[in-house]
Amino acid sequence: MNLLASKSKQIGDFLVTVLNDGEMNVNLTFLSGIDEKSAAKIQTEAGISNVEQIDINCYLIQGHGQTILIDSGTGGLNDTGGLLLKNLARMGITPNDIDSILITHAHPDHIGGLLNNEGEPIYKNAKIYLHALEIEYWQNDQALEQATERGKRNFSLVRRTLKAYSQKINIFDKNEPIAGISPIFLPGHTPGHTGFKIGKGESSLLIWADIVHFPHIQLPDPTISIVFDYDKEQAKVTRQNLLEKVVKERQLIAGMHTKKSGFAYIYNSDQQNSYKISYLN
Ligand SMILES: [Zn+2]
Ligand SMILES: [Zn+2]
């Protein structure tokens, strides 16, 4: 696996860098509303050779004397991803340099990198921020009981992580966790799924987390959901509303599962409620 050159963009007072954590395999049969063959065809036509492989991105934000991470990648769990620390090191940044970590949601490809193999916090000086509903959900014993085996492993990871960082956990409230960075509640993928808007107006960036996993499949048809969406209906409504908004506002976006180059604009395609992505070079 190659370490890729990082890509940075100045957004107002902040320098935002996309840090790739690697790739993970996601079965095309996990999508609902499209058959596997059609999904594979779209991926191939988009120039993606491994049609079931998606990128995992994290973002580094530097400014106002702060070094901030958005999400932590997989930490190498299940032999996927885990490149974040190496990519940080290439920039001369150690885990102890991170002041805050904003978590979009608590799936393993977003929080897996918070603990080391001994189950201890990797980011010893960092405050961790996440949505109250996200904590509530993963701490709910009834939800744990109803989960699949794979889901139960996710619950266990979230609980171990929250416990290890218990003194450092902060919940988003009406205030910006960090001046100039606003949490944007985007529920559906998980109960507390949150994006972040950095800066204001024309010079702003929306990091939309897991709004899509397969951009070339889900943007042309935002009604297509994935098995990881906790509430498929809500995820669909959130996705459609957000896409409409980012097009209207010509909002620069970045995602955790958009490709490695990270930053992109979304455009309307010829059909109604259908979109396409254009990455910044
Ligand atoms: Zn997710
Ligand atoms: Zn994800």
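Me: How many bridges join S9 to strand S10, and do they run parallel or antiparallel?

Reply: Glad you asked! This is a predicted model, and in it S9 and S10 (residues 194–200) are antiparallel, joined by five bridges. To see the pairing at residue level, find Ser182, which stands opposite Lys197 in S10.

Me: Which strands make up the open sheet, and in what order?

Reply: Six strands, in the order S9-S10-S11-S13-S14-S15, and the pairing is mixed. S9 (181–185) and S15 are the edge strands; each has a single partner strand, so one side of each lacks a neighbour in the sheet. From one strand to the next, the twist averages 35 degrees.

Me: What does H8 touch when it packs on the sheet?

Reply: H8 touches S11, S13, S14 and S15, and its direction makes about 100 degrees with that of S14.

Me: Which residues of H8 are buried?

Reply: Look for Ala235, Thr238, Arg239, Leu242, Leu243 and Val246. They share one side of H8, because they cover an arc of only 130 degrees around the axis. Turned away from that buried side is a face with the exposed residues Glu233, Asn241 and Lys248.

Me: What span should the 17 residues of H8 have?

Reply: At 1.5 Å a residue, H8 (residues 232–248) should span 24 Å, and its end C-alpha atoms are 24 Å apart, so the two agree. Just after H8, Arg250 has a positive phi of about 45 degrees.

Me: Which residues touch the most other members of the largest nonpolar core?

Reply: Tyr59 and Ile207, in a core of 69 residues. Strand S4 (residues 53–63) gives this core its largest share, six residues. Among the residues that Ile207 touches are Tyr59 itself, Ile70 and Phe196.

Conventions. Residues numbered from 1 in each chain as written. Chains lettered and ligands numbered in written order. Predicted model: local features only at pLDDT ≥ 70, side-chain atom pairs only at ≥ 80, totals over all residues. Core = buried A, V, L, I, M, F, W, Y, C linked by C-beta atoms within 7 Å. Buried ≥ 20, exposed ≤ 12 C-beta atoms within 10 Å, placed from the backbone. Helix = DSSP H or I, 4+ residues; strand = E, 2+ residues; numbered from the N terminus. Contact = placed C-beta atoms within 7 Å. Expected span 1.5 Å × (residues − 1). Arc of directions from axis to C-beta. Pairing = 2+ DSSP bridges. Axes fitted to C-alpha atoms, helices over the stretch in contact; angles between N-to-C directions. Lists of a residue's contacts leave out its neighbours within four places in sequence.
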